[in-house]
Amino acid sequence: MPLIRVLVVEDESLAAEAHAVYVGRLAGFELVGTARTGQDAFRRVAAAASAGTPIDLVLMDMNLPDSHGLDVSRRIRAAGLATDIIAITAVRDLDNVRGAIAAGVVQYLIKPFTYSTFATKLTSYRDFRAELNAQASVVTQSAVDHAFASLRAPTDIPRPKGLSDSTLTPVVSYLQAQVAPVSASELMEPLGLSRVTARRYLEYLADMGLVLRAPRYGTPGRPENEYSWKSAR
């Protein structure tokens, strides 16, 4: 099956970078770009379709600076653009969920989430596409049921307790500014953290797939890991 071409639509830099990295780690997917506004998202989807290289999947944030993600989704549908949409949002109210379903959103991913949750949702979507592509031009009821069932794998893996955005953001900023990997011990002093706290945040970012984790060799004392930011570019 051809690679699934993905556009990330997210106005927050950290989240956009994370989602781009996540897509890059998944087999069967290809990141084609990142849009920060609803207008840019629609323009890119429309331009790709006109060029004969359509975007297969949009990871759509709901709260964009110039419009709501559902409005962008409806505009894509109204234009007849055959692009699937996965909503990525912190909004949990029922009306928003119903609106997403009505707008043709195929998955609804609630922030915050881990890489594992993200991977499960996109893998389910990939399986859904594979199931449909394997069918003849006329499908049976059981084939349709099986394809849609692949979208419904439940996941709920929250952020570990005790990890706050007020600490996570400077940890990420510090890592992004470094040209060489750092250890938990080296993160302590500049950010005023204990070694245990520094390691928890570094391990969390590594588990999310945002940083590269590797053992550090050749240093005295007990062995420790070193961490470096994993850019999507």
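# Close-up views of a predicted model

**View 1. Asp 61, a buried residue with a record entry.** Asp 61 is buried, with a relative accessible area of 5%. The model shown here is predicted. Asp 61 is found in strand β3, which covers residues 57-61. UniProt, in an unreviewed entry, lists Asp 61 under "modified residue: 4-aspartylphosphate". Which residues does Asp 61 contact, leaving aside its neighbours within four places in sequence? They are Val 9, Glu 10, Asp 11, Gly 69, Ile 88, Thr 89 and Lys 111. Two of these contacts, Glu 10 and Lys 111, return in the next view.

View 2. The side chains of Lys 111 and Glu 10 meet in a salt bridge, at 2.8 Å from N to O. Lys 111 sits in the loop between β5 (105-110) and α5 (115-133). Glu 10 sits in the loop between β1 (4-9) and α1 (13-25). The pair therefore ties together parts that are 101 residues apart in sequence. Are Lys 111 and Glu 10 buried or exposed? Both are buried. The structure holds 11 salt bridges.

View 3. Asp 40 forms a salt bridge with Arg 43, with 2.5 Å from N to O. Asp 40 and Arg 43 both lie in helix α2 (residues 38-50). They are three residues apart, about one turn of the helix. Asp 40 also meets Arg 44 in a salt bridge, here at 3.2 Å from N to O. Why are Asp 40 and Arg 44 separated by about one helical turn? The reason is that they are four residues apart in helix α2. An α-helix has 3.6 residues a turn, so residues three or four places apart point the same way. Asp 40 is buried, with a relative accessible area of 16%, which is under the 20% cut-off. Arg 43 counts as partly exposed at 47% relative accessibility. Arg 44 is partly exposed too, with a relative accessible area of 28%. Elsewhere, salt bridges that share partners join Glu 10, Asp 61 and Lys 111 into one network.

**View 4. Helix α2 and what it packs against.** Helix α2 has 13 residues. From its first C-alpha to its last, α2 reaches 18 Å, close to the 18 Å expected at 1.5 Å a residue. Which residues of α2 are buried? They are Gly 38, Asp 40, Ala 41, Phe 42, Val 45 and Ala 48. These buried residues pack against β1, β2 (29-35), β3 and α3 (69-78). Just after α2, Gly 52 takes a positive phi of about 80°.

**View 5. Val 8 in strand β1.** Val 8 has its place in strand β1. At 0% relative accessibility, Val 8 counts as buried. What does Val 8 touch, not counting residues up to four places away in sequence? Its contacts are Ala 16, His 19, Ala 20, Leu 31, Gly 33, Thr 34, Ala 35 and Leu 59. Val 8 and Leu 59 are 51 residues apart along the chain. Their C-alpha atoms are separated by 4.9 Å.

View 6. Three strands form an open sheet in the order β6-β8-β7, and the pairing is antiparallel. Which are the edge strands? They are β6 (182-183) and β7 (211-216), and each pairs on one side only. Two bridges join β6 to the antiparallel strand β8 (residues 224-229). Val 182 has Tyr 227 in β8 as its bridge partner. Helix α7 (residues 165-177) packs on the sheet and touches β6, β7 and β8. The direction of α7 makes about 80° with that of β8.

**View 7. Helix α9 from end to end.** Helix α9 spans residues 195-208, 14 residues in total. At 1.5 Å a residue, α9 should span 20 Å. Its end C-alpha atoms are 20 Å apart, which agrees. Eight names make up the buried list for α9: Ala 198, Tyr 201, Leu 202, Glu 203, Tyr 204, Leu 205, Ala 206 and Met 208. Gly 209 follows α9, and its phi is positive, near 90°.

Key
Residues numbered from 1 in each chain as written. Predicted model: local features only at pLDDT ≥ 70, side-chain atom pairs only at ≥ 80, totals over all residues. Heavy atoms only, no water. Expected span 1.5 Å × (residues − 1). Buried < 20%, exposed > 50% of the residue type's maximum accessible area, 1.4 Å probe, protein only. UniProt positions renumbered as here; feature names shortened; annotations may be inferred. Contact = heavy atoms within 4.5 Å. Pairing = 2+ DSSP bridges. Axes fitted to C-alpha atoms, helices over the stretch in contact; angles between N-to-C directions. Salt bridge = Lys/Arg side-chain N within 4 Å of Asp/Glu carboxyl O.
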